[in-house]
Amino acid sequence: MGPRARSSPRRRWTRALAVAFLPLILSGFAPRPRQKLGLPGASAQPRPAPSSLFNWSHLTPLELEDRAAGLEPQSPGGRKPCFTLGGHKFQVFGGSIHYFRVPRAYWGDRLRKLKACGFNTVTTYVPWNLHEPERGKFDFSGNLDMEAFVLLAAEMGLWVILRPGPYICSEIDLGGLPSWLLQDPKMVLRTTYSGFVEAVDKYFDHLISRVVPLQAQPPLPGLRSPGLHSPDSSPRPPLARPPLPGLHSPSVCLSQYRRGGPIIAVQVENEYGSFAKDRSYMPYLQKALLERGIVELLMTSDDAENLLKGHIKGVLATINMNSFQKRDFKLLSYVQSNKPIMVMEFWVGWFDTWGSEHKVKNPKDVEETVTKFIASEISFNVYMFHGGTNFGFMNGATDFGIHQGVVTSYDYDAVLTEAGDYTEKYFKLRRLFGSVSAIPLPPLPELTPKAEYPSVKPSLYLPLWDVLQYLNEPVMSNTPVNMENLPINGGNGQSYGFVLYETLICSGGSLRADVHDTAQVFLNEVNIGHLHDHAKTLTVPTMTTCQLLRILVENQGRVNFSWKIQDQRKGLTGSVTINNTPLQGFAIYSLEMTMSFFERLRSATWRPVPKVCLGPAFYLGTLKVDSSPKDTFLRLRTWNSGFAFINGHNLGRYSIMGPQGTLYLPGAWLHPEDNEIILFEKRKCGSYIQTTDEPVL
């Protein structure tokens with residue numbers, strides 16, 4: 001998904017002309033009686049006739065045995081185009097859940113609620129940056145176990161539409177692309193530039209070998225990928241996996257592969273029409289997927305304005321939209337005639353950025369739009385059914401003249417809340433789906449319990465300057481080095497967090513530096529000002545003795561949409577000058593704040609918290625819960641800006657800028673009784689860390 005395309009109503013003259021000169025007769029939308037067409041207009045709330053009730057109980061991953069045909073677009077003569085699955089007429093009722101934004105312990109709960117609402121399909125992105133944090137080092141474990149999520153969806157009776165990128169947008173850092181790509185000064189992302197294509201090929205070699213066994217149909221015989229198999233090798237065998245938590249027996253997991261998996265469609269990249277810098281790029285990705293064994297239906301995804309630029313020959317074009325718009329469907333019919341319609345993203349809410357207002361969408365509008373989709377026999381995917389959380393440093397950013405980081409909560413005003421609770425949208429959609437279902441919907445799963453725990457007053461703290469000895473050795477450089485090009489992490493640089501630059505100066509004057517995204521500037525341990533994209537200078541006071549200049553730079557999230565993804569290097573991205581004289585001799589500390597870092601901090605000598613505490617520091621306290629931990633929300637009313645960590649888990653960023661006022665704390669990450677809570681506060685200490693059983697968004 002891409003924010004620019006959805007930030008305002010589209011009224012561009014080019015689009016108006018395109019619509020005006022479309023043929024009068026378009027597939028599925030020629031003038032005809034409204035009752036026969038199934039489009040809204042005859043009544044405010046068109047409903048299918050009782051004879052049109054859906055019964056897909058035999059069309060589930062565990063029930064459908066004949067896998068000769070997958071999800072296919074059909075154009076029966078004289079009738080409306082439709083999808084079939086296994087040869088049976090099928091309409092996708094999809095909802096988006098991103099496994100990487102939901103604690104693994106709660107995957108089952110969220111998928112059960114999706115099924116109980118009446119959906120038959122789950123869609124998810126696959127984030128390259130999280131799965132390959134360093135070149136050639138892949139992580140599909142724990143909360144990133146994509147295969148486990150897909151198989152669990154199958155066990156719940158849900159089909160899967162996979163959106164593997166490589167670019168996914170998704171309001172995630174750099175749109176899901178790994179930051180180490182930016183080490184190449186000539187890199188051109190989302191094109192057939194050799195450095196980008198080579199990295200994508202290696203990633204797809206690994207990723208698609210995991211995806212192929214999860215498809216609904218077996219791969220075609222004889223497929224080989226030069227990057228994946230040697231000339232005389234056999235295709236990779238089905239993955240041997242232990243039974244997943246919640247599955248009934250070990251044989252269930254294996255039967256997925258013998259009978260076919262739950263993936264019925266795969267998306268090629270994401271909203272490329274809004275980017276469209278290289279005509280060869282999308283066909284290259286299409287070929288890359290096919291050569292590696294993808295046999296399911298391929299789709300593209302674009303908003304109406306960019307359909308013409310984003311679709312590929314031989315791939316089903318789908319559309320993204322905010323509401324039911326007949327003119328958008330006409331544009332889609334112009335791109336591809338006589339094909340069933342799929343709305344890949346129907347936006348039921350929106351994301352928030354720091355300093356903006358919390359965005360919501362009327363539940364009645366959502367219900368009315370989905371009603372029209374069903375009556376018009378349009379397949380759809382609700383974005384988001386459940387948004388989840390931008391835990392850690394994964395959030396992206398927007399930049400329409402000013403850089404704004406996406407907030408930690410990805411609640412999205414979705415059908416389920418960030419914490420998995422029901423909403424008015426959920427109940428409206430469940431009533432709607434129940435009214436068109438020939439069989440009863442599953443019973444509602446119980447709510448996830450919430451709790452409010454005693455407030456925590458941190459008793460110990462460590463100023464950042466005391467912490468430096470527990471970091472890895474600093475990088476010594478004559479000039480500043482940006483975050484991505486630091487020679488750390490096996491040559492892959494630093495992806496997230498903070499970077500501290502230190503150098504000795506002996507005179508004051510006008511300091512100038514290009515910082516991304518924001519920086520605190522210190523003389524020794526005294527804060528003398530702040531820098532950011534639109535404030536690149538400050539005055540350094542005169543001094544009688546040399547002092548240590550310290551610049552602490554925070555990466556607040558890389559832009560995830562638009563051409564600006566090309567220029568998202570963080571930290572200091574050029575020389576630092578005083579009175580136009582470049583400074584030299586820097587010690588550069590990387591503050592990635594990983595689990596191993598906090599383990600080292602346990603051996604540190606923490607100090608009692610003073611009455612007045614300024615500047616960046618770590619604050620330690622103990623959150624006491626009962627023997628059965630429950631979900632809660634941290635409330636940091638008296639604190640300023642920073643990050644919260646519970647038992648080593650990074651809950652994400654908090655800020656007085658708002659709109660978000662609480663941080664979601666999953667009960668699954670809490671221990672019975674005592675829990676270590678650490679805040680990294682950038683500016684000044686607060687008093688108490690409170691909890692509440694309701695979010696403030």
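**Strand pairing and helix packing in a predicted model**

Strands S16 and S22 (residues 547-554) pair in the antiparallel sense, and eight bridges join them. The model described here is predicted. Strand S16 covers residues 498-505, and seven of its eight residues are buried, so the strand is largely enclosed by the rest of the structure. S16 also pairs with strand S26 (residues 586-591). This pairing is antiparallel too, over five bridges. Here tyrosine 501 has isoleucine 588 of S26 as its bridge partner. In general, the strands of a sheet pair through backbone hydrogen bonds, in either a parallel or an antiparallel arrangement.

The whole chain gives the setting. The protein chain contains 14 helices and 34 strands. It has 697 residues, and 62% of them count as buried. Contacts between residues at least 6 apart in sequence were also examined. Of these contacts, 79% join residues at least 24 apart.

With strand S27 (residues 607-608), S14 forms an antiparallel pairing over two bridges. With strand S28 (residues 617-624), S14 pairs in the antiparallel sense over four bridges. Leucine 460 takes part in both pairings. It stands opposite proline 608 in S27. In S28, its bridge partner is leucine 620.

Another sheet was examined as a unit. Three strands form this open sheet, in the order S1-S2-S3, and their pairing is antiparallel. Strand S1 (71-74) and strand S3 (88-90) are the edge strands, since each pairs on one side only. On average, neighbouring strands of the sheet are turned by 45 degrees against each other, direction ignored. S1 and strand S2 (residues 82-85) are joined by four bridges in the antiparallel sense. Proline 73 stands opposite phenylalanine 83 in S2.

The helices come next. Helix H8 spans residues 281-291. Its buried residues are Tyr281, Met282, Tyr284, Leu285, Gln286, Ala288 and Leu289. These buried residues pack against two helices, H6 (194-211) and H9 (307-310). They also pack against two strands, S7 (263-267) and S8 (297-303). Just after H8, glycine 293 takes a positive phi of about 110 degrees.

How are H6 and H8 placed relative to each other? The two helices pack at an angle of about 30 degrees, and their axes lie 11 Å apart. Angles under 35 degrees count as roughly parallel. H6 and H8 are therefore roughly parallel to each other. H6 passes H8 in a right-handed crossing. On the H6 side, the contact is made by Phe196, Val197, Val200, Asp201, Phe204 and Ile208. On the H8 side, it is made by Tyr281, Tyr284, Leu285, Ala288 and Leu289. By class, this contact of H6 with H8 has ten nonpolar residues, no polar residues and one charged residue.

The axes of helix H3 (residues 107-117) and H12 come within 8 Å and cross at roughly 45 degrees. H3 and H12 are therefore oblique to each other. H3 contributes Lys113, Ala116 and Cys117 to the contact. H12 contributes Tyr426, Leu429, Arg430 and Phe433. The residues of this contact of H3 with H12 divide into five nonpolar, no polar and two charged.

Is threonine 448 buried or exposed? Its relative accessible area is 13%. Residues under 20% count as buried, so threonine 448 is buried. Which residues does threonine 448 touch, not counting residues up to four places away in sequence? The residues touched are Asp109, Arg110, Lys113, Ala419, Asp421 and Asp631. One of these, Lys113, is also among the residues through which H3 contacts H12.

Key
Residues numbered from 1 in each chain as written. Predicted model: local features only at pLDDT ≥ 70, side-chain atom pairs only at ≥ 80, totals over all residues. Heavy atoms only, no water. Buried < 20%, exposed > 50% of the residue type's maximum accessible area, 1.4 Å probe, protein only. Contact = heavy atoms within 4.5 Å. Pairing = 2+ DSSP bridges. Axes fitted to C-alpha atoms, helices over the stretch in contact; angles between N-to-C directions. Parallel < 35°, antiparallel > 145°, perpendicular 65-115°, else oblique. Left-handed = near helix turned anticlockwise from the far one by under 90°. Nonpolar A, V, L, I, M, F, W, Y, C, P; charged D, E, K, R; others polar.
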